[in-house]
Amino acid sequence: MTSATLRLPAQVGHLTEAVAFVEQWVDHAELAADKKFCVTLAMEEAFINICHYAYPDQDGTVQLLCSLEKDFFIVELSDAGPPFDVLSIDSPDLEAGLMERKVGGLGIHFIRTLSDEVSYQRLAGHNILRMQFARSPGVASCNPNK
Amino acid sequence: MQIQISKEGRVNFISLTGKLDAVTAADFERQAITLTGPDPCFLFIYFSQLDYISSAGLRVLLVMAKRVQSKGGQLHFTNVTGTVMKVFEISGFGAIFRMWNSVPEALAAIG
């Protein structure tokens, strides 16, 4: 099987299921050990953003897609909320001192830095965030300086 | 995630085991806040058994650090390793927290 989807309620309590789904795929995807956490963490941040922001007035769902391509493992998250490009948000000031430091925006920073490629599109009334993680160790790795 | 709290002398120790994510962060915040009372406190968090942290966890640590500092206390982290350390580095949090390789080092630092 090279891809699968899972639809979950967009609620924080369903994060554990989302992680279990993605982690099964991570085991097949032949990612370097130090890249595996990048997938889980980037996915958590994207999933939680949808839970907090996509459906302000009602319940909604998140669709997770995992797929294996020759060179990449892909995780896509879609929601049916109002148009919102999560990648348009700036990262927080990573050099602020303790008392000035804010956490807002950190999730998006992780999504950008932990994935090898990331893109957003709006399609058929859905926000779709696509994160790609390079397979085979040595080709690319989670780069904290990106 | 398991949270163990103990007190030795003037230091409150919190030991974290497992994952600090959006699901476990709320409970951690509730428990940890009880240790940041109105008086200055020394709070050590032991990370050796924590194998995952997300921005939800970092948020709680930041809230705790600001509270402790604003009341004249100190928050120290010890034994941060592996992927948790990488997350600290990527987020810039390594630079704003007091971090030590071991509890004895942290105790020596507070004198």
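Colleague: Which helix of chain A is A:His28 found in?
Modeller: A:His28 sits in helix H1 of chain A. Helices are DSSP runs of H or I with at least four residues, strands are E runs of at least two, and both are numbered from the N terminus. This is a predicted model, where local features need pLDDT of at least 70, side-chain atom pairs count only at pLDDT 80 or more, and totals for chains, interfaces and linings use all residues. Residues are numbered from 1 along each chain as its sequence is written, chains are lettered from A and ligands numbered from 1 in the order in which they are written, and side-chain values use heavy atoms, with hydrogens and water left out.

Colleague: What is A:His28 in contact with, leaving aside neighbours within four places in sequence?
Modeller: A:Leu68 and A:Arg135. Contact means heavy atoms within 4.5 Å.

Colleague: And which side chain does A:Arg135 meet in a salt bridge?
Modeller: That of A:Glu30, at 3.1 Å, N to O. The rule wants a side-chain nitrogen of Lys or Arg within 4 Å of a carboxyl oxygen of Asp or Glu. A:Glu30 is in the loop between H1 (15-28) and H2 of chain A, and A:Arg135 is in the segment after strand S5 (126-134), so the pair ties together parts 105 residues apart in sequence.

Colleague: How many salt bridges are there over all chains?
Modeller: Eight, from a search of the whole structure.

Colleague: How many cross the interface of chain A and chain B?
Modeller: One. B:Lys86 pairs with A:Asp34, and their closest N and O atoms are 3.8 Å apart.

Colleague: New topic. How much area do chain A and chain B bury between them?
Modeller: About 2,100 Å², 70% of it on carbon and sulfur atoms. Buried area is the accessible area (1.4 Å probe) that two parts lose on being put together, summed over both. In contact are 27 residues of chain A and 24 residues of chain B.

Colleague: At what angle do H3 of chain A and H3 of chain B cross?
Modeller: Roughly 105°, for residues 106-114 of chain A and 82-91 of chain B, with the axes coming within 10 Å. Axes are lines fitted to C-alpha atoms, for helices over the stretch in contact, and angles run from 0 to 180 degrees between N-to-C directions. That makes the two roughly perpendicular, a label for 65 to 115 degrees.

Colleague: Which residues make that contact?
Modeller: On the H3(A) side, A:Leu106, A:His109, A:Phe110, A:Thr113 and A:Leu114; on the H3(B) side, B:Val87, B:Ile90 and B:Ser91.

Terms used: Angles under 35 degrees count as roughly parallel, over 145 as roughly antiparallel, 65 to 115 as roughly perpendicular and the rest as oblique.
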